Amino acid sequence: MARISAGLATSHVPAMGAAVDLDRTAEDYWRPVFAGYEWTRAWIAEAKPDVIVLAYNDHASNFSLDLIPTFAIGCAEEFPPADEGFGARPVPTVPGHPDLAWHIAQSAILDEFDLTIVNRMDVDHGLTVPLSMMFGRTERWPVRVIPIAVNVIQYPLPTSNRCFSFGEAIRRAVASYDKDLNVQIWGTGGMSHQLHGARAGLINREFDEGFLDRLTSDPSALRKMPHLELLREAGTEGIEMVMWLIMRGALGPSVVERHRFYHVPASNTAVGHIVLEPAGEL
Ligand SMILES: [Fe+2]
């Protein structure tokens with residue numbers, strides 16, 4: 001049977017992707033950022049996931065105000081990198097896993113968790129930057145990916161609790177897939193940052209570190225966190241952290257923290273990264 005063996009969350013700052021693409025990761029500014037991912041690069045080379053279910057948000061690259069799915073699942077054979085205004089990133093096309101994706105769609109929808117099924121989708125930095133942080137520059141991604149696109153762009157957004165519950169539905173879906181697959185769940189975005197308005201440049205280390213703590217110590221408090229609290233404490237774009245709750249919800253009642261990294265700044269955001277594994281059974 002398939003199983004979710006680990007969860008990973010990370011910021012998806014576009015400039016981190018550019019640092020990889022332009023071979024600037026050893027520069028003084030970027031070295032401490034990429035050092036925070038070295039543990040994970042070694043860990044994932046050992047963990048060898050077959051599939052990553054990757055919750056991220058599209059930044060008006062594939063979707064637009066013409067079509068705003070709250071939760072969309074990519075069921076295609078592959079997902080090309082999106083042109084975000086300067087041409088597509090020079091990264092490989094992302095291979096999908098249609099069979100597991102359709103299984104998750106069926107399981108979640110019959111579990112009364114309605115998803116938008118997407119059979120053609122370009123994926124932007126929200127998905128490709130995390131892959132670059134874990135796998136570096138490569139000719140071919142070493143894993144298949146099922147993109148889960150979450151609307152955090154246009155109000156109304158899904159609640160923290162709904163995201164956490166969606167993670168739980170993904171966990172049930174993966175557990176009922178009858179092929180032996182090592183699956184990881186990733187959530188991307190955050191941490192605290194605000195790109196616009198009077199509070200542009202906002203960083204809230206205390207809130208971010210508390211959020212990282214509570215993923216392990218008190219996830220039930222995070223699932224009750226209202227949008228206004230996220231906006232007030234983490235900024236307008238910090239609300240991307242609801243996608244970390246999809247990751248956390250998919251890991252079951254308790255987890256062990258394997259790795260954590262927090263750094264300010266990267267571009268104009270706080271960078272956060274965490275690796276969790278389910279405690280007890282696998
Ligand atoms: Fe983003």
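This is a predicted model: local features need pLDDT of at least 70, side-chain atom pairs count only at pLDDT 80 or more; totals for chains, interfaces and linings use all residues.
Now to the largest pocket, which holds about 830 Å³ of space. Here we have 35 lining residues, with Pro14, His59, Glu84, His125 and Leu195 nearest the centre. By type, that lining splits into 15 nonpolar, 14 polar and six charged residues. Helix H1 gives the largest share of the lining, five residues, and helix H9 (227-234) supplies at least two.

What are the protein donors of the iron ion? They are His12 through NE2, His59 through NE2 and Glu240 through OE, at 2.0 to 2.1 Å from the iron. Along the chain, the spacing reads H-x46-H-x180-E. The two histidines sit 47 residues apart: His12 is in the loop between strand S1 (3-10) and helix H1 (14-21), while His59 is in the loop between strands S2 (51-56) and S3 (71-74). His12 is buried, at 4% relative accessible area, whereas His59 is partly exposed, at 23%.

Last stop, the nonpolar cores. The largest has 56 residues, and among those touching the most other members are Ile73, Phe211 and Trp244. Helix H6 (residues 160-175) contributes the most to this core, seven residues. A second, separate core has 39 residues, including Ala6, Phe79, Trp141 and Val271.

Thanks, and over to you!

Note on methods:
Residues are numbered from 1 along each chain as its sequence is written. Side-chain values use heavy atoms; hydrogens and water are left out. Donors are N, O and S atoms within 2.8 Å of the metal (3.2 Å for Na, K and Ca); water is not among the atoms, so sites may look incomplete. Helices (H or I, at least four residues) and strands (E, at least two) are DSSP runs, numbered from the N terminus. Buried means under 20% relative accessible area, exposed over 50%, partly exposed in between (1.4 Å probe, protein chains only). A nonpolar core is a set of buried Ala, Val, Leu, Ile, Met, Phe, Trp, Tyr and Cys residues joined through side-chain atoms within 4.5 Å. On a 1 Å grid over the protein atoms alone, a cavity is a set of points where a 1.4 Å probe fits but cannot get out, and a pocket is an open set with protein on both sides within 12 Å along at least five of seven lines; lining residues have an atom within 4 Å of a point. Grid points are joined across faces, edges and corners, and a volume is the space filled by probe spheres set on the points. Ala, Val, Leu, Ile, Met, Phe, Trp, Tyr, Cys and Pro count as nonpolar, Asp, Glu, Lys and Arg as charged, and the others, Gly among them, as polar.
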